[in-house]
Amino acid sequence: MGEGTGAVRRPGVSCVFVCHDGAGRVLLARRSAGARDEPGTWDCGAGALEFGETFEAAVAREVYEEYGTRPLGIERLGVRNVLRGDPVDSHWVAVVFAVRVAPDEVTIGEPHKFDALRWCPPDALPAPLHSQCGESLALFVRSASSPGAG
């Protein structure tokens, strides 16, 4: 693959997760100064899919790494094509999940990336949100309000 203009770039695959308590609240984490991008913003969780890993295994691993707890339930919500920058310098295929967790078991598992956690209803979110968080939360809200949800 090498350097220079001949190198082929491909999108990464990210598993994005909106953790919730099963009673209407979602969990957001504030990105710390050590976060990869957008420090000081509130975000749901995410992590790269590793080679040979199922989506569900990736989500379970990332939820444990970020929040120190195991999922009680995982539901796929949708897929987003995430293009960032102009010109594009970051491209991810984001597979978005709703993940039910026990609120009393949640802790900050990666203090170098996050410095605060907050449970809140989707209609009363802290600000500022990470630039990619709103669309993932919108998938969660649509899923929760659709017939047969819950």
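**View 1. Order of the elements along the predicted chain.** From the N terminus on, the elements run β-β-β-β-α-β-β-β-α, which comes to 2 helices and 7 strands; helices (H or I, at least four residues) and strands (E, at least two) are DSSP runs, numbered from the N terminus. This is a predicted model, in which local features need pLDDT of at least 70 and side-chain atom pairs count only at pLDDT 80 or more, while totals for chains, interfaces and linings use all residues. Residues are numbered from 1 along each chain as its sequence is written, and side-chain values use heavy atoms, with hydrogens and water left out.

**View 2. The whole chain and its overall dimensions.** The C-alpha atoms fill a box of roughly 50 × 35 × 25 Å along the principal axes. For 150 residues a compact globule would have a radius of gyration near 15 Å, and the 16 Å of the chain agrees with this; the radius is taken over C-alpha atoms, and the globule rule is 2.2 Å times the number of residues to the power 0.38. Of the 150 residues, 39% count as buried, a term that means under 20% relative accessible area, with exposed over 50% and partly exposed in between (1.4 Å probe, protein chains only). Among contacts with a separation of 6 or more, 68% come from residues 24 or more positions apart, where contact means heavy atoms within 4.5 Å.

View 3. Helix α1 covers residues 55-67, and its 13 residues should span 18 Å at 1.5 Å a residue, in agreement with end C-alpha atoms that are 18 Å apart; the expected span is 1.5 Å times one less than the number of residues. The buried residues in α1 are A58, V59, R61, E62, V63, E66 and Y67. The helix is followed by G68, whose phi is positive, near 65°.

**View 4. The surroundings of R80.** R80 lies in strand β5, which covers residues 73-84, and is buried, with a relative accessible area of 10%. The side chains of R80 and Q132 are joined by a polar contact of 2.8 Å, that is, a pair of N or O atoms within 3.5 Å, of which, within protein, one must be able to donate a hydrogen and the other to accept it, and residues adjacent in sequence count only if both atoms are side-chain atoms. Leaving aside neighbours within four places in sequence, the residues in contact with R80 are W92, V93, A94, V96, Q132, E135, S136 and L139.
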